[in-house]
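Work through these exercises with the model open beside you. Each task is followed by a solution in steps.

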Amino acid sequence: MPTWRRNGPTNVEKERRVKANAREYNEKFLYANNHIKTSKYNIFTFLPINLFEQFQRVANAYFVVLLILQLIPEISSLSWFTTIVPLVLVLVITAVKDASDDYFRHKSDQQVNNRQSQVLIRGSLQKEKWMNVRVGDIIKLENNQFVAADILLLCSSEPYGLCYIETAELDGETNLKVRQALSVTSDLGDVSKLMDFDGEVVCEPPNNKLDKFTGTLHWKDNKYSLDNENMLLRGCILRNTEWCFGMVIFAGLQTKLMQNCGRTKFKRTSIDKLMNTLVLWIFAFLICMGVILAIGNTIWETCIGRKFELFLPRDDFQSSAVFSGFLTFWSYIIILNTVVPISLYVSVEVLRLGHSFFINWDRKMYHSQTDTSAEARTTTLNEELGQVEFLFSDKTGTLTQNVMVFSKCSITGRTYGDVYDEFNEKVEITEKTACVDFSFNPLCDQGFKFYDCSLVEAVKREESAVQEFFRLLALCHTVMPEEKSEGKLEYQAQSPDEGALVTAARNFGFIFRARTPETITLCEMGRAVTYELLAILDFNN
C-alpha cells in the first residue's frame with residue numbers, strides 16, 4: 001500500500017504504487033485522472049473571482065465606497081446613478097476581456113483532453129480520449145505522436161527497446177533524446193504478452209523534477225531499478241520510432257509537465273502597479289482637499305452660520321458645527337470624485353487591445369520559412385515588452401536560431417575553408433562564389449556548401465591526418481540517423497553543432513550510417529566499417 005503523510009487538512013503522498021493492467025487496484029488510491037485544466041474560471045466561479053481580481057485595483061474599490069456614501073442622503077449631493085454607470089461599464093469591459101482570454105484556455109484544454117490514444121483494454125487496443133486514460137494503463141504510441149502521460153517505456157519497434165523523443169515542450173530543445181526500456185520488458189512487443197504483464201512499480205510521488213525519476217519494478221519475484229532514462233514524459237513527441245508501449249505512472253495534473261505549470265495566477269503588470277500608486281496619491285490629495293474644506297466649513301458655521309438660525313433652523317443632530325464639518329467632508333469627497341480617473345483603466349485596456357493587433361500585424365515579426373506570424377495570446381502583458389533593456393542568453397543558439405554551418409577547419413596546422421585567387425590573395429566568399437563539387441559522393445547532402453577545393457583533394461589523396469579528422473567527426477557524437485529511402489539520410493542531432501560536423505564528414509566521404517547501443521557503422525569512401533562503441537560522454541545540464 002502507498003504510504004501517506006498527514007499535512008494539515010490533506011494527505012501528502014510519500015510513495016506511489018502502480019500495478020499494470022489493474023484499474024480496480026489503482027483506483028482505490030485515488031490517483032489523478034488524465035484530465036487537465038489550465039483555465040482560471042468556470043460558469044459559477046467567474047463572477048466572484050473576476051470581481052475580486054478587479055477590485056484589487058484601487059480606483060474600482062474607491063468607487064464602490066463612493067457608491068455606498070452616495071446612498072446616505074445626509075451627505076450625498078449627487079445621485080448614485082452618476083457613479084454606478086461608469087463603474088459597471090468599466091467592470092463589464094474588463095470582465096469581457098478576461099472571459100475572452102479564459103475561453104481560449106478552455107478551448108485549448110478541451111482540444112488536449114480529447115486527443116486520441118490507443119489503450120490496452122480487455123485484450124485489445126482501443127481508442128480512448130486522453131482524459132479517460134488512467135494510471136496503470138498500457139498505451140501504444142506511434143511515430144510523431146504526443147506522449148499522453150508520464151509513462152514507463154516497456155518496449156519499442158527499435159532494437160534493445162530504444163526510442164527517440166523530442167522534448168521541445170519541456171525544455172525548449174528540438175534535438176532528440178534517447179530512452180531505453182528495461183531488457184526484461186523490451187521483448188513484450190505483442191499485445192498478448194502485454195496483457196499478461198502484471199508488474200508493479202514502486203516510485204517517488206508526483207513532483208516537478210523533469211530530469212529525475214527513481215523507482216523499482218517488481219515483476220516475477222525480481223526487482224529492477226528505474227530511472228529517468230526509462231521514462232517518457234507528457235509533452236514529449238515520439239520521433240524516428242515506429243511504435244512503443246508504455247505503462248502510465250503519473251496522469252493529468254500529477255504529470256511533471258503540469259506540476260511545473262502551477263496554477264494560473266492573476267498577473268499585475270508594472271503599469272497596473274504604477275496606476276494604483278498614482279490613484280493612491282490622487283486619493284490622498286482628495287482627502288486633503290476634503291479635510292481643508294471641512295475645516296473651513298466648521299469655522300464658517302462657528303463664526304457666521306449661527307446668524308442664519310433664525311430663518312433656517314437646524315435639526316438637533318445638525319446643531320454642532322464640528323458634526324456639520326464632518327458631514328461636509330464626505331459631501332466634498334462625493335462632489336470631487338471626478339478627480340479619481342476611473343476611465344484611465346478603460347483607456348489602458350483599449351490601448352493593450354490595440355497593441356496586440358499591432359503585434360499580430362507586424363510584418364517584421366513574420367517568419368516566411370514556416371509561414372508563421374506573431375500572435376499575441378493575451379492582452380495583459382504587452383506593455384512589458386517595451387520595457388526590456390537587457391537580454392541575457394545562456395547560449396548563442398537563442399540568438400542564432402540554432403543554425404550552424406561547417407565553415408573552416410584546421411588539420412595539423414593547416415587551415416582549410418578560405419578561397420584564394422590566382423595571385424594567392426584571399427577572396428571574400430559570396431553567393432556567386434563557386435562551391436566544391438561533391439558529385440563523387442552519392443550520399444552527400446545537397447544543401448551542404450563548402451568553397452575550398454584543397455580539402456576535397458586532400459581526402460581523395462587519402463592523407464591520413466585528413467581522413468582521421470573526418471573519421472573522428474563521423475564517430476564522436478550522439479546523432480541519430482534516419483534513412484527514409486535508399487541513399488536519403490537525415491540526421492537528428494542533440495545540438496546543431498553536432499549536426500553540422502557530422503554532415504561535413506558525410507560530404508567529405510565519411511558517412512555515418514547506423515548506430516546500436518554497442519556499435520557505430522560508417523561508410524568510409526564507399527567502404528562499410530563498423531566500430532565498437534566504448535563509452536558516451538553525454539552532454540547534459
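**Exercise 1.** Decide for F448 and F508: buried or exposed?

*Solution.* This is a predicted model. Buried means under 20% relative accessible area. F508 has a relative accessible area of 0%, so F508 is buried. F448 is buried as well.

**Exercise 2.** Classify the ring pair of F448 and F508, then say which parts of the chain the pair ties together.

*Solution.* Start with distance. The ring centres lie 6.2 Å apart, and rings pair if their centres lie within 6.5 Å. Next, the angle. The planes stand at 80°, and over 60 degrees counts as edge-to-face. The pair is therefore edge-to-face. Now place the residues. F448 is in the loop between strand 19 (426–427) and helix 13 (453–460). F508 is in the loop between helix 15 (496–507) and strand 22 (510–515). The pair therefore ties together parts 60 residues apart in sequence.

**Exercise 3.** Which residues do ring pairs link into a cluster with F508?

*Solution.* The cluster holds F406, F438, F440, F448, F450, F469, F470 and F508. The structure as a whole has 22 aromatic pairs.

**Exercise 4.** Find the charged ends that sit over the rings of F146 and W219.

*Solution.* Over F146, look for R115: its charged end is 4.6 Å from the ring centre. Over W219, look for K220: its charged end is 4.5 Å from the ring centre.

**Exercise 5.** Describe the surroundings of T241.

*Solution.* First, locate T241 in the loop between strand 14 (237–239) and strand 15 (243–250). The relative accessible area is 1%, so T241 is buried. List contacts beyond four places in sequence: E142, N143, S156, S157, E158, L162, C163 and Y164. Finally, look at Y164. Its backbone nitrogen lies 3.2 Å from a polar atom of the T241 side chain.

**Exercise 6.** Where is the pLDDT below 50?

*Solution.* Begin with the chain. Its average pLDDT is 84, and 90% of the residues score at least 70. Residues 4–10 fall below 50. This stretch has 11 contacts in the model beyond near neighbours in sequence. Where pLDDT is low, the predicted coordinates should not be read in detail.

How values were computed
Residues are numbered from 1 along each chain as its sequence is written. Side-chain values use heavy atoms; hydrogens and water are left out. Rings of Phe, Tyr and Trp (its six-membered ring) pair if their centres lie within 6.5 Å; planes under 30 degrees apart count as stacked, over 60 as edge-to-face and the rest as tilted. Helices (H or I, at least four residues) and strands (E, at least two) are DSSP runs, numbered from the N terminus. Buried means under 20% relative accessible area, exposed over 50%, partly exposed in between (1.4 Å probe, protein chains only). A charge sits over a ring if NZ of Lys or CZ of Arg is within 6 Å of the ring centre and within 35 degrees of the ring normal. pLDDT is the predictor's confidence in each residue, from 0 to 100. Contact means heavy atoms within 4.5 Å. A polar contact is a pair of N or O atoms within 3.5 Å; within protein, one must be able to donate a hydrogen and the other to accept it, and residues adjacent in sequence count only if both atoms are side-chain atoms.
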